[in-house]
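Subject: Structure handover

Hello,

Here is the structure for you to look through. My notes follow below it.

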Amino acid sequence: MRFNLSDRYSLPSLKFLITILQIFMRIIRHFSRIATVLAKYPLKMQLDSPEFHALFTPELKKLSSIFTSNGFELRMAGGAVRDLLMGVRPSDVDFATDATPLQMKEIFTQEQIRMLNKNGEEHGTITCRIDDKENFEITTLRIDVVCDGRRAAVKFTKDWEEDAFRRDLTINSLFLDLNGFVHDYTGGIEDIKNRRISFVGDPVIRLQEDFLRILRYFRFFGRFAPVGATHEPKNIEAIIKCKDGLKNISGERLWMEFQQNFNWKNGIFCN
């Protein structure tokens, strides 16, 4: 005897069951992708290059020793790590730490280290000068708690991954500890290898945090992506959705961003 589904289920019921099955399969694929990402990251890779070792001036070695002896970690962050992975010595290096601004001030005072320009302290940045020879800008790990598309109120954290996920692009969200290990929480290493420009997480959320990131995206795409590369549809869709937010950005910030388009040395970004 031949069994026919239509003998037991009406056509609308079959369509409903098929729809439920399709939704269920999409959910499985979605969580499968999440599991793959969680299994892959964070990724840790050793970097041992002349460009990296050239950064270790006596002043940086002293700074590193100060943080280590006080129980805190110091890592290079953002664009400098990106440049080093591309074989270029960065012209400017930003540092990140799990020490709070108050803890940094206490340490530098104790070590008789001169501090400069405390205007960035509210957002976690302290600039110090070692032995009157070299300045270092160091920022506490942080998360953005309130954003209006132009500026953010921040909360300090000790979680490196949380800080990585508040950054704009995956290629700018890398950390490099002073033992030479790159810490990748978002897939930045792979995107650098493939010369791909990707937002960290949801592009719409990243753009709504700071609408100036729209221009930053095109700047990095124009200088980083290979000739003939196409934009990922989700990035363009997010930019179209958020484009009106640029109207609220000050002329000064827009001009500073446009200036970055001409800040180019040795075939690599300066910022």
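Buried here means under 20% relative accessible area, and exposed means over 50%. Keep in mind that this is a predicted model.

**Helix α5**

By that cut-off, helix α5 (residues 101-110) has these buried residues: P101, M104, I107 and F108. Viewed down the axis of α5, they fall within an arc of 125 degrees, so they line one face of the helix. An α-helix has 3.6 residues a turn, so residues three or four places apart point the same way. L102, T109 and Q110 sit on the other side of α5 and are exposed. Just past the end of α5, Q112 has a positive phi of about 60 degrees.

Next, the strands. Strand β5 covers residues 125-130. Five of its six residues are buried, so β5 is largely enclosed by the rest of the structure.

β5 pairs with β4 and with β6. Strand β4 (residues 114-116) runs antiparallel to β5, and three bridges join them. M115 has C128 of β5 as its bridge partner. Strand β6 (residues 134-140) also runs antiparallel to β5, with six bridges between the two. β5 and β6 form a hairpin with three residues between the strands. In that hairpin, D131 takes a positive phi near 55 degrees.

**I126**

Which residue of β6 does I126 stand opposite? It is I138. I126 itself belongs to β5. Its relative accessibility is 2%, which is under 20%, so I126 counts as buried.

Leaving out residues up to four places away in sequence, I126 touches P101, M104, K105, F108, M115, E121, F136, E137 and I138. Among these contacts, P101, M104 and F108 are buried residues of α5. M115, another contact of I126, is the bridge partner of C128. The C-alpha atoms of I126 and T140 are separated by 8.5 Å, and the two residues are 14 apart along the chain.

**Cysteines**

C128 has 0% relative accessibility, so C128 counts as buried. C242, at 4% relative accessibility, counts as buried too.

Best wishes

Key: Residues numbered from 1 in each chain as written. Predicted model: local features only at pLDDT ≥ 70, side-chain atom pairs only at ≥ 80, totals over all residues. Heavy atoms only, no water. Helix = DSSP H or I, 4+ residues; strand = E, 2+ residues; numbered from the N terminus. Buried < 20%, exposed > 50% of the residue type's maximum accessible area, 1.4 Å probe, protein only. Contact = heavy atoms within 4.5 Å. Pairing = 2+ DSSP bridges. Arc of directions from axis to C-beta.
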